[in-house]
Amino acid sequence: MRKIETKKDYQKYVDEKTPNSPIGKNILKAFIVGGIICLIGQWISDGLRAMDLDDKTVSSVTSISLIFIGIFLTAINVYNRIGKFAGAGSIVPITGFANSIASPAIEFKSEGLVLGVGAKLFQIAGPVLVYGISTSIVLGIIYYFVSTAG
Amino acid sequence: MAQKRLGTQTIKLSSPPSIISAYSIVGPKEGEGPLGKYFDTIIEDEFWGEQTWEKSETKIARECVANCISKVKLSYEDINYLLAGDLINQCTPSAFGNRDTNIPFLGLFGACSTFVEGISIGSMLIDGGFADNLVCATSSHFCSAEKQFRFPLELGNQRPPSSQWTVTGSGSVMLSSSGTGPYITTITTGKMVDMGIKDANNMGAAMAPAAADTMYMHFKETGRAPSYYDLILTGDLGYIGKSIVVDLMESRGYNIRSNYNDCGILIFDKEKQDTHSGGSGCACCATTFCGYIYNQLQAKKLKRVLLIATGALMSPTTAQQKESIPGIAHAISIEI
């Protein structure tokens, strides 16, 4: 084995020693599970449309249904298992967002409704909301000036 | 130099204390692992009848100390000191679990090195003539550790291959000035070693240099070779950390391949139990020792063991602030 003298040498050695996540396999699993979740959403939306509901109602009810499914599966200790298998495939869809809010609610219930659930509810989803909304505001301003200029 | 010192980090006890009792409690997952049959109590679920993870760990800590004492037909009044610690903020499981015992209490924090830190100090107290019987205990709980250090349990995410699985459980030993062994004979107290690892998902790599450093100092200052021991056992380095220690020791001229292992590797079946790089947590070293190793020492299947508990001295805040992780490792030799 070569000499490890500095922290930099050690970092490099550790990077070589540490196995990487199986990216190819993970991407494939994410694609399949993410696709299935979207397919379920499509079925719900097609079913609602067949009931002669207007587009706005269809999209709202579809989102609400998927959020319910996400939270329900979180509560019965299933969504974390799906997430372990699927990774981004079950994090990116709206069910993953529901999971990211329901899971801290369950975990921090023991610290009470205000300082536990209330304060920690957006522990994971918070950054997504902050930067998602910020980005949409910035893009909205750009859109405003571009469209008024044109 | 003080009479009992062998060098800068190692001491030799002139009247070595005996380990007269050991008790282990583990969670269901550890109970299903390869060492399952050696543990004294396997709890049926992670809550163990309590409402929160923290209360569950507190109960585990309390019951482990109580059973360690009652196993040798002693009571709380016979114990001169309790040295205990865990991973939860301000070490509440150790304190709350034992608040009604009336045993003089020394709360310790050395992350996952606490078990051997406690035994080291306890052995010095006995060797110094300050105590007859004392108890050293540590605990950890997968669920309370995940909650404090990572994400809520129900969150659907993936763990990287280098991550380790916190052991649920507690281990307690009773040291005594009288007894017929196994004896604590030498102690090598580790110094902090920080090789710049910042990844909290690669604790094994963060702690391995400290383990190798303590091991090297132990051999150097005692004049012993690795072959002196039937088993050299680190606390919770896991697969990656173990292979780094082997490499680091080899570069210092010591071959430890034949008699070196790690508690984090022994306690779980990596393939069947999906524990990635192995077990971790204060209880990893403590339960493996109190369950499996103590049994092997009593059966005289192991006669000389070098136990090195390893700790990563970090907090969730320091990890978020991108600080590197100082590692620590304390060693004791246990002989019959």
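At what angle do the axes of helix α2 (residues 53-70) of chain B and α5(B) cross, and within what distance do they come? In this predicted model, the two axes cross at roughly 135° and come within 8 Å. That angle makes α2(B) oblique to α5(B). The boundary that matters here is that angles over 145 degrees count as roughly antiparallel. As to hand, α2(B) and α5(B) form a left-handed crossing. On the side of α2(B), the residues in this contact are B:Trp53, B:Glu54 and B:Glu57; on the side of α5(B), they are B:Cys143, B:Ser144 and B:Lys147. By class, this contact holds two nonpolar residues, one polar residue and three charged residues.

Helix α6 (residues 203-222) of chain B packs against α7(B) at an angle of about 40°, and 8 Å lies between their axes. The pair α6(B) and α7(B) is therefore oblique as well. Their crossing is right-handed. From α6(B), the contact draws on B:Gly204, B:Ala205, B:Met207, B:Ala208, B:Pro209, B:Ala211, B:Ala212, B:Met215 and B:Tyr216. Facing them in α7(B) are B:Gly238, B:Ile240, B:Gly241, B:Ile244, B:Val245, B:Leu248 and B:Met249. What classes of residue make up the contact of α6(B) with α7(B)? There are 13 nonpolar and three polar residues, and no charged ones.

Helix α7(B) also leads us to the other chain. Across the interface, 25 residues of chain B are in contact with 31 residues of chain A. Which helix gives the most to the side of chain B that touches chain A? That is helix α7, residues 238-251 of chain B, with six residues. The side of chain B that touches chain A consists of eleven nonpolar, ten polar and four charged residues.

Helix α2 (residues 23-50) of chain A and helix α3 (residues 55-75) of chain A have axes that come within 9 Å and cross at roughly 140°. The helices α2(A) and α3(A) are therefore oblique to each other. The crossing in which α2(A) passes α3(A) is right-handed. Helix α2(A) contributes A:Gly41, A:Ile44, A:Ser45, A:Leu48 and A:Arg49 to the contact, while α3(A) contributes A:Val58, A:Val61, A:Thr62, A:Ser65 and A:Leu66. In terms of class, the contact of α2(A) with α3(A) has five nonpolar residues, four polar residues and one charged residue.

Let me return to chain B and its domains. Chain B is divided into domain 1, residues 10-176, and domain 2, residues 183-335. The centres of these two domains, taken over C-alpha atoms, are 17 Å apart. How many residues does each domain of chain B give to the contact? Domain 1 of chain B supplies 55 residues and domain 2 of chain B supplies 58 residues. Several elements give two or more residues to the side of domain 1 that touches domain 2, among them β2 (18-26), α4 (114-127), β6 (133-140) and α5 (142-149) of chain B. The largest share of that side, seven residues, comes from α4(B). That side of domain 1 of chain B comprises 26 nonpolar, 23 polar and six charged residues.

I close with the backbone. Most residues other than glycine have a negative phi, and most peptide bonds are trans. Which form does the peptide bond from B:Gly181 to B:Pro182 take, cis or trans? It is cis, with omega near 0°. B:Pro182 is placed in the loop between β8 and β9 (183-188) of chain B.

Two residues other than glycine have a positive phi: for B:Gln90 the value is near 60°, and for B:Asp274 it is near 55°. B:Gln90 sits in the loop between β4 (81-85) and α3 (92-97) of chain B, whereas B:Asp274 sits in the loop between α9 (270-273) and β12 (279-280) of chain B.

How values were computed: Residues numbered from 1 in each chain as written. Chains lettered and ligands numbered in written order. Predicted model: local features only at pLDDT ≥ 70, side-chain atom pairs only at ≥ 80, totals over all residues. Domains from an automatic or database assignment. Contact = placed C-beta atoms within 7 Å. Helix = DSSP H or I, 4+ residues; strand = E, 2+ residues; numbered from the N terminus. Nonpolar A, V, L, I, M, F, W, Y, C, P; charged D, E, K, R; others polar. Axes fitted to C-alpha atoms, helices over the stretch in contact; angles between N-to-C directions. Parallel < 35°, antiparallel > 145°, perpendicular 65-115°, else oblique. Left-handed = near helix turned anticlockwise from the far one by under 90°.
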